[in-house]
Amino acid sequence: MNPQFKKGVLELIVLECVRRKDRYGYELVEEVSRVIDVNEGTIYPLLKRLTNEHYFETYLRESSEGPPRKYYHLTAAGILYRDSLAAEWEEFQKQVSRFLEEGKEYE
Amino acid sequence: MNKETFLKELQQHLAVLEDQEQQDILQEYSQHLDIKIQNGQKEEDAIRDFGPVKELAAEILEAYHVKPEFGEGRAGKGLPGLGSVNLKEGEEKIRRLGSSLGKMTSAFVRKIGRLFRKAGQGIRVIGLRVLSLFRRRKETDEAAGTEETAAENGKAFTECGGAGTREKKGGRKMEMVYERKFSETERPGRRFCEFCRGAARGVGAAVLWCLRMCWNAFWLLAALCAACFALLALFGFGTLLVLLLQSYPLKGGVLVCLGSSLAGGSLAVLCFTLTRWKKRQTDSAAVKEPEEKETDTEEEEFSAEEPDETEEPAGEQEVER
């Protein structure tokens with residue numbers, strides 16, 4: 001898959017993952033990897049950025065194995081941002097597929 | 001490459017960031033590696049999945065809107081580069097700006113406070129003038145009352161005097177009668193006057209008390225309303241501030257709430273000071289009034305004693321005779 005595509009849509013996928021359930025970093029990376037094949041390292045900076053922009057809140061929770069884990073939770077602003085991104089994605093995807101459909105007439 | 005060297009190298013690339021932020025992101029990576037190793041993956045493989053450290057660091061710095069070149073420069077030199085110096089200078093500038101802003105706002109607030117105090121003093125002066133007008137009227141009323149009583153007393157005296165000159169011809173026995181008459185004719189008048197004066201004073205005090213109570217109640221009510229409004233605005237300010245921090249576009253609302261809370265608070269304080277001023281006034285009036293009463297009663301006692309003294313020696317003389 002084109003890495004530029006991935007980069008653009010990664011934010012939406014991460015927001016959606018956290019919206020469904022509060023998750024910690026590794027869990028989130030695994031969940032995102034199920035949808036698109038992405039370099040594991042790139043998700044953490046994204047999480048950091050979204051947290052700095054107040055779309056995520058973080059809290060620590062004890063785990064049965066190892067040190068406490070940092071969980072990410074979607075804020076109200078994050079939900080709004082995710083909805084706007086999802087709407088944009090829908091519109092974008094529709095327009096692109098409509099354009100591709102139009103192209104079939106030229107074949 | 002093992003985990004430690006990976007983290008160290010990554011840290012070198014991220015040296016531009018604050019220590020807290022570095023620790024934050026490095027901890028995430030180390031935890032990620034820990035979990036992977038726990039799940040049975042080799043340490044090196046887990047690290048290789050992250051790709052080249054340089055690219056990873058560039059991506060992290062991009063998330064902070066930092067140019068990746070600065071991170072590289074830092075990593076190469078291992079010493080604080082130009083970027084960090086600039087950052088520090090910027091920080092200091094921002095801090096200075098913040099402190100000067102704080103000073104300006106505090107000075108502004110102080111000025112507003114002074115203005116309100118002046119306004120309060122002006123209102124107080126007006127109030128004092130109104131009060132002094134009231135007092136003067138009361139005093140003139142009282143003076144008129146005393147004049148009237150004096151006139152009545154004078155009449156009684158002249159009548160008695162006339163009676164006395166007539167009685168004198170009738171001999172010494174009649175002098176006793178004259179003196180009795182004197183005291184009898186004088187006393188009812190005096191009593192009436194005292195009663196009038198007391199009643200007037202009582203009515204005046206009651207009216208003043210009512211006025212004070214109305215004044216206090218009005219200002220207290222106003223202060224309460226203003227305080228409630230200020231608290232509400234403060235609550236709104238807090239809520240909107242939280243929302244603003246969550247990056248909702250609510251700057252205008254926050255400012256409006258802050259302004260209205262400040263205005264309400266100062267209004268409440270102003271109203272409250274007005275009531276307190278009135279209370280102090282009443283206190284001082286209460287301190288003054290007893291003194292006045294005391295002097296009044298003393299005068300009354302003097303005036304009451306005087307005829308007695310004149311009477312007594314006369315009686316004694318009569319007995320001696």
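Visitor: Which elements does chain B run through from the N terminus on?

Guide: Helices here are DSSP runs of H or I with at least four residues, numbered from the N terminus. This is a predicted model, and its chain B has eight helices and zero strands. So, with helices defined that way, the order from the N terminus on reads α-α-α-α-α-α-α-α.

Visitor: What percentage of chain B is buried?

Guide: A residue needs 20 or more other C-beta atoms within 10 Å of its own to count as buried. Chain B has 321 residues, and the buried share of them is 12%.

Visitor: Which element gives the largest share of the side of chain A that touches chain B?

Guide: Okay, 21 residues of chain A contact 20 residues of chain B. On chain A's side, the elements that give two or more residues are α2 (25-35), α3 (40-52), β3 (69-74) and α4 (76-103). By class, that side holds seven nonpolar, seven polar and seven charged residues. The largest share, eight residues, belongs to α3(A).

Visitor: How do α2(A) and α2(B) sit: roughly parallel or roughly perpendicular?

Guide: Their axes are 9 Å apart, and the packing angle is about 70°. Angles of 65 to 115 degrees count as roughly perpendicular. Therefore α2(A) is, relative to α2(B), roughly perpendicular.

Visitor: And which residues of α2(B) make that contact?

Guide: The residues of this contact split into three nonpolar, three polar and one charged. From α2(A) come Gly25(A), Tyr26(A) and Val29(A). Across from them, α2(B) supplies Glu28(B), Gln31(B), His32(B) and Ile35(B).

How values were computed:
Residues numbered from 1 in each chain as written. Chains lettered and ligands numbered in written order. Predicted model: local features only at pLDDT ≥ 70, side-chain atom pairs only at ≥ 80, totals over all residues. Contact = placed C-beta atoms within 7 Å. Nonpolar A, V, L, I, M, F, W, Y, C, P; charged D, E, K, R; others polar. Axes fitted to C-alpha atoms, helices over the stretch in contact; angles between N-to-C directions. Parallel < 35°, antiparallel > 145°, perpendicular 65-115°, else oblique.
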